[in-house]
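Trainee: I am new to this structure, and I would like to learn how to read its features one at a time. Could you guide me through a few of them?

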Amino acid sequence: MPHALQSHALEVEELVKRYDGVSAVDHLSFFVERGEIFGLLGPNGAGKTTTLEIIEGLQRPDSGRVTVLGLDGATHKREIKARTGVQLQASSYYEYLSLQEILSLLGNFYPLLAGRGCLTPAELLELVGLADKARRRVRQLSGGEQQRFALAASLVNDPELVILDEPTTGLDPISRRDLWALVRLVRERGATVIVTTHYMEEAEENCDRLAIINHGRLLASGTPRELTGRIEASYAVKLVTSAPLTRPQMEAISSHAQTAAPVIGNEREDGNACLLRMNNDPTALQELLNEVARSGIALEQLEITPVTLEDVFIELTQG
């Protein structure tokens with residue numbers, strides 16, 4: 001088929017969507033390659049969900065173009081829906097049906113896919129680790145189990161593209177880890193995955209490429225390493241002191257930070273912590289510590305960490 005020759009699972013070109021004259025999506029363009037886990041990041045109200053709803057065919061853009069699996073999003077909605085799986089931020093199911101019955105019902109919405117190799121409800125539940133709960137109702141599941149079931153529901157049609165809108169929100173660290181393991185398994189089965197999340201650490205660890213948007217506009221895109229490479233500072237130093245820093249003390253230690261864009265800010269209400277981004281000069285850290293000693297600053301804690309995706313996110317969205 002012609003779409004098989006397309007290298008991109010998704011292309012978004014100059015997308016615009018306005019509500020009452022206010023742009024939720026503002027000339028947004030990005031692409032997603034086939035077979036990758038792609039993260040769409042941005043603060044609340046950045047336009048992520050609106051963008052996903054347009055891709056899913058739930059909303060019409062005011063202008064611009066979306067191409068999904070080689071198909072025009074405006075003219076091939078039915079075929080795109082048949083080849084796409086979606087997990088929304090919040091999902092609702094018939095309360096009186098069991099997990100297996102819900103998956104059977106959803107599978108019946110795709111009669112043309114019979115014989116294509118779609119997983120059975122039992123196989124889907126096995127895939128997400130819920131085989132022993134096939135006869136339970138959704139309300140009887142824990143939060144993490146409900147999210148895993150929602151992922152199973154998005155896979156009933158053996159989709160080529162899976163869209164997950166904040167799938168780990170509200171989950172404990174173990175449940176988040178388990179769900180990401182499932183996302184990677186979905187990719188290993190041949191699907192392309194688009195995911196939104198507010199957890200920068202998990203995006204940096206699990207996504208092949210990312211796009212950061214704000215106010216409906218693309219701020220940056222690339223691999224996690226490419227994005228963290230945008231910040232000239234090579235590492236960050238967090239100082240926690242026994243007393244709030246005075247202005248002269250803050251100015252003294254900030255002079256040893258990365259001079260182009262030092263980042264210094266209180267991280268606790270008592271003002272006893274500051275964060276500095278340091279350049280790659282091997283003497284910079286020693287000079288900073290010497291300045292701390294000269295200024296009579298009593299340290300309680302010293303942390304040294306590399307620049308992270310969260311640093312990039314904050315710099316781009318708050319800069």
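Trainee: In which strand is asparagine 214 found?

Mentor: Please keep in mind that this is a predicted model. Asparagine 214 belongs to strand 9, which covers residues 209-214.

Trainee: Is asparagine 214 buried or exposed?

Mentor: Buried means under 20% relative accessible area, and asparagine 214, with a relative accessible area of 9%, is therefore buried.

Trainee: Which residues make the nonpolar surface patch of about 230 Å²?

Mentor: That patch is made by Leu299, Leu302 and Ile304. Leucine 302 has its place in strand 13, residues 299-306, and, because its relative accessible area is 38%, it counts as partly exposed.

Trainee: How many cavities of 30 Å³ or more does a search of the whole structure find?

Mentor: Rolling a probe the size of a water molecule over the atoms shows where empty space is left. Here the search of the whole structure finds 1 cavity of 30 Å³ or more, and the space in the largest cavity is about 30 Å³.

Trainee: Which residues line the largest cavity?

Mentor: The lining consists of Ile54, Ile55, Glu56, Gly57, Gly73, Lys77, Ile80 and Lys81. Two or more of the lining residues come from each of helix 1 (48-55) and helix 2 (77-82), and helix 2 gives the most, with 3 residues. By kind, the lining divides into 3 nonpolar, 2 polar and 3 charged residues.

Note on methods
Residues numbered from 1 in each chain as written. Predicted model: local features only at pLDDT ≥ 70, side-chain atom pairs only at ≥ 80, totals over all residues. Heavy atoms only, no water. Patch = residues over 30% accessible without salt bridge, like charges linked within 9 Å, V, L, I, M, F, W, Y side chains within 5 Å. Areas by Shrake-Rupley, 256 points an atom, 1.4 Å probe, with all protein chains shown as cover. Salt bridge = Lys/Arg side-chain N within 4 Å of Asp/Glu carboxyl O. Helix = DSSP H or I, 4+ residues; strand = E, 2+ residues; numbered from the N terminus. Buried < 20%, exposed > 50% of the residue type's maximum accessible area, 1.4 Å probe, protein only. 1 Å grid on protein atoms, 1.4 Å probe; cavity = no way out; pocket = protein on both sides within 12 Å on 5 of 7 lines; lining within 4 Å. Points joined across faces, edges and corners; volume = space filled by probe spheres on them. Nonpolar A, V, L, I, M, F, W, Y, C, P; charged D, E, K, R; others polar.
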